[in-house]
Amino acid sequence: MTQSTENQSVQRKAFQADVKHVLDIVIHSLYTHREIFVRELISNAADALEKLRYEKLNNAEIADPDLPLEIRVDVDEDAKTVTISDAGIGMTEDEIVENLGSIAHSGSREFIQKLRENAANDVQLIGQFGVGFYSAFMAADEVTVQTRSLRPEARGVEWRSDGAGEYTLAPAPALSRGTRITLHLREDAHEFASKDRIKTIIRQYSNFVPFPILVNGDKVNTVQAIWTRNKSDVKDEEYNEFFKFIANEFQNPSLRLHFSADAPLMIHALLFVPQDNFERMGFGKMDPGVSLYCRKVLIQEHCKAILPEWMRFVKGVVDSEDLPLNISRETMQNNALVMKLKKVVTARLIKFFAETAEKEPEKYAAFWKTFGIFIKEGVATDHEYRGDLAPLLRFESSNGAAGDLVSLADYAARTAAGQNKIYYAYGPNRAVVENSPYMETFRKHGIEVLFTYEPVDEFVLSALREFDGKDIVPVDRADLDLPEDKKEDEPESEDAGLNKDEAQTLAGWFKEVLGDRVGAVRESKRLVDSPALLVNPDAYFSTGMQRIMKSLNQGEGIKEGKDLEINPRHPIMVKLARLREQGADEDFLKTAAEQILDGALIAAGLEADPRLMLQRNYRILERALED
Ligand code: ADP
Ligand code: MG
């Protein structure tokens, strides 16, 4: 380190090489997010006050013990200066050399490391960093630090630099305890000499700093960092105010989770669920609602990395002391600490929802109604949390009335012995699902079926595939294997319907008439009241999924023909078989077969050609009216 003395009192010193490197970039390349210097200097002041508070508790000997613990920011629009003062622990001469002349104790360390890793020196990327104290030089062409340590015998020092490689040190005898940093703003940074601009920046980045911040005498930060307080010390009213402030809402939150943890990470989290789902109200996709803090200092607003995307409806704050202040947005997603934090917070939220469901079912039902769609999104898209989210799902079912919700666990718990499947049906509403031919056999055997009304449910249940060891199966699966089906509980007799051979012959004829429009045609064991229905032979690609793919014009490659099951006990089938035996008008019988297929298509929620169907309908009516 070069050291030359100009006179007795002023010393000139050179910055350490790493510091020069940082300063060089700060001064010459960083133009984005310049305003973060305010955050950096205020958080340094808050750190110094925090340490002072600690010293006060543990050490009686402190200079100027009565100074208020606050942070003052003063702008001078004429002189174009910004001054940030605190009555914190201050620095001795040795400390200032160590802290501001070298990189050893600086938040700039990570920045330097990143520079080394990032050979391309991507300036945009670097621009996202906090660079600690040196960020002052983003906005200033000269910085003065006047400081006096808390120790009663310490003397004041003045540090001054233009960031060009050297700094000076001089005695400053008249100082009281603490630090005052004055920025002489660069010509292109005069905007920061505006009181309003500085206030806005402070509200954005430092609103929850636990010491009063005054800008030219006006107190700026009014909201306390209530998340670090003890739960029992915070009133509902305070929580609600806080929620409204951070979420920009007028209503109180509907759910609240406040927790702290020491392991595996130090966390204070205060999280809320609002009352309304604005996304569902057509406001477009929400930004993530949780901000990340480190010891009450904002690291990132609307942080994407802290919760999975489908949890974007959650609002609040996560604060962890273990995070570095100057972590960049880009590295956030891949930062091991952030990933760990995300795991802990996500798991805690899921547990919280599950507990709410158990202890306050009505509250949970309201939550489910408004925000269930996000849980479904999670199950459908996020395999990491799929299993954990499954117990949160709710559906109507054939066992309950309209509006009664059933969980997969409820369903699984009351299945009869031997039923190793969970069945679900889809339709636009309850009446349609309840009256569909698919429900006939389930009703007859008293087997519960979950009802789904939204296309997304298909993604959810196909993604989930099983719950509690039971396969989740749509009711139109061709290989439906209901336990009772094996028993021939209806003895075959003439008037009960067609016998095996007759049914097989009729099935063969149907296949001949319908060709590729259907896959296989066979006798149905499940139908009770309807003449026919279509079933899906594809165990992996449900009819619902196919329906969705088609609506998205992604239908290519979908096997068109479903298997047709015919009901050998149904009067229409019996009549068809008899008329064929008698050699009746083949053309008309074909018309009937086609009409039966279209009916089955509609019952399956698939498309039938309405024009052809109508024409056939009139032909059949005409014939019926002739007799
Ligand atoms: P960091 O805050 O991450 O340590 P900075 O570059 O922001 O890095 O600050 C470097 C060091 O300078 C701090 O660790 C602290 O010791 C000292 N310092 C900065 N500002 C103040 C202040 N207002 N009062 C006392 N010490 C300060
Ligand atoms: Mg700092």
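Q: In this predicted model, which residue in S23 is the bridge partner of Ala532?
A: Start with the strands. S22 and strand S23 (residues 562-566) run antiparallel and are joined by four bridges. Ala532 has its bridge partner in S23, and that partner is Ile566.

Q: Which strands stand at the edges of the open sheet?
A: The sheet has three strands, in the order S21-S23-S22, with mixed pairing. Two of these strands have a single partner strand each, so one side of each is left without a neighbour in the sheet. They are S21 (518-523) and S22 (532-535).

Q: At about what angle does helix H21 run to S22?
A: Helix H21 spans residues 586-603. It lies across S21, S22 and S23. Its angle to S22 is about 55°.

Q: Which residue stands opposite Tyr293 in S15?
A: S13 and strand S15 (residues 315-319) run parallel, joined by five bridges. S13 also pairs with strand S14 (residues 297-300), in the antiparallel sense. In S14, the bridge partner of Tyr293 is Leu298. In S15, the residue opposite Tyr293 is Asp319.

Q: Which residue takes a positive phi in the hairpin of S13 and S14?
A: Look at the turn of the hairpin. Two residues lie between the strands. The phi in question is near 45°, and it belongs to Arg295.

How values were computed:
Residues numbered from 1 in each chain as written. Chains lettered and ligands numbered in written order. Predicted model: local features only at pLDDT ≥ 70, side-chain atom pairs only at ≥ 80, totals over all residues. Heavy atoms only, no water. Pairing = 2+ DSSP bridges. Contact = heavy atoms within 4.5 Å. Axes fitted to C-alpha atoms, helices over the stretch in contact; angles between N-to-C directions.
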